[in-house]
Structures are given as structure tokens and as C-alpha cells.
Amino acid sequence: MTDNDGSRDAVVIERSFDAPVGLIWQMWTDPHHFKAWYGPNGATIPVAKMDVRVGGTRLVCMEMQTPDGAMQMWFTGEYREVVENQRLVYTESMSDENGNVLSPSDIGMPDGHPVTTEVSVELEDIDGRTKMVMTHAGIPGESPGAAGWAMALDKLAAYAGAHSER
């Protein structure tokens with residue numbers, strides 16, 4: 001978002017991890033690691049395809065159990081910036097399992113929900129720990145998506161802690 005009021009339409013979360021930058025980078029870019037922590041509590045990630053290079057695509061399936069059975073949500077996007085161990089920027093759109101972008105209104109999202117949002121992850125080494133700032137532009141800070149990110153990043157902290165070589 002380029003306007004000065006963009007923070008209203010973005011989830012911005014800053015976290016510090018007791019893990020090296022290289023490990024946190026892997027958590028975002030290696031499908032095996034990504035599947036282990038991504039999504040809110042109760043979600044699983046059965047599919048995570050990631051071609052992590054500028055212009056590369058991603059396809060992620062998030063699955064949640066509901067009273068009516070499993071519900072899947074698919075997301076696709078393109079990597080816009082890839083600076084190893086420093087900055088990762090990708091677009092995200094709801095899609096079908098083949099990566100075809102779906103209109104938010106077609107899947108019951110409220111009016112005004114953008115078709116494409118953008119996630120940026122900035123990493124900084126601070127004495128062997130990692131400071132991360134994750135911004136999801138296009139998602140309001142008070143939305144269910146914001147709560148989902150908070151849960152996912154809690155899972156990331158626990159997962160990274162278990163994999164850190166400290």
C-alpha cells in the first residue's frame with residue numbers, strides 16, 4: 001500500500017525469535033517447514049508448492065475441520081522480492097486447487113475484500129536472534145485474518161525454537 005493510511009488495511013506483526021535468521025528464512029521458504037507452522041490453530045497445510053524466486057509461483061492449501069467435515073481453502077501467488085535471509089514479498093489470492101484465482105465474492109467474502117493481497121517478511125539478525133516484521137497489506141488489522149496470523153506466528157515461534165541449534 002502506498003497511501004499514508006495503509007496501516008488501517010494491513011496486518012503488521014513484529015516478532016523476535018530465539019533462532020538465527022537463516023532458520024526463520026527456511027521456515028518461510030521451505031515447503032516442509034512452512035507446512036508445519038502456517039495457519040491458525042487447528043489448521044493443517046496438506047499442500048505447499050513454492051518456487052521461491054522473483055516471478056516464481058506458490059500454491060498453498062489450508063484445511064480446517066468443521067462440523068460438516070474438512071474444509072479446504074487454496075491460495076496462490078507470485079514472489080515479487082526474494083532477498084535471502086532479509087526480505088520476502090509475495091502476492092496472495094484465493095484460488096482453486098489448480099491456482100486459478102477466485103473472486104472473493106464468489107467464495108462468500110465480504111464486499112470490498114481485495115482479489116490480491118501482498119505479504120512482506122523482513123528479517124534482521126540481532127545478536128544471533130531474529131527480528132521479523134510481517135506485513136499483510138490488504139487485510140484489515142482487526143480482521144479474522146489478523147487473528148489467524150497471530151496464531152500462525154505463535155506456532156512459528158514454537159516450531160523454530162524446537163529446530164534452533166542453541
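The lining of the largest pocket has 19 nonpolar, 10 polar and three charged residues, where Ala, Val, Leu, Ile, Met, Phe, Trp, Tyr, Cys and Pro count as nonpolar, Asp, Glu, Lys and Arg as charged, and the others, Gly among them, as polar. This is a predicted model, in which local features need pLDDT of at least 70 and side-chain atom pairs count only at pLDDT 80 or more, while totals for chains, interfaces and linings use all residues. Residues are numbered from 1 along each chain as its sequence is written, and side-chain values use heavy atoms, leaving out hydrogens and water.

What is a pocket here? On a 1 Å grid over the protein atoms alone, a pocket is an open set of points where a 1.4 Å probe fits, with protein on both sides within 12 Å along at least five of seven lines; lining residues have an atom within 4 Å of a point.

Now look inside. Of the 32 lining residues, Met-109, His-113, Ile-139, Pro-144 and Gly-145 lie nearest the centre of the largest pocket. Helix α3 gives the most to this lining, with six residues.

Let's follow α3 (residues 144-163) to its partner, helix α1 (residues 21-29): their axes come within 11 Å and cross at roughly 125°. That makes α1 oblique to α3, since angles under 35 degrees count as roughly parallel, over 145 as roughly antiparallel, 65 to 115 as roughly perpendicular and the rest as oblique. On the α1 side, Leu-23, Ile-24, Met-27 and Trp-28 make the contact, meaning heavy atoms within 4.5 Å. By class, this contact of α1 with α3 has nine nonpolar, one polar and no charged residues.

Note on methods
Axes are lines fitted to C-alpha atoms, for helices over the stretch in contact, and angles run from 0 to 180 degrees between N-to-C directions. Helices (H or I, at least four residues) and strands (E, at least two) are DSSP runs, numbered from the N terminus.
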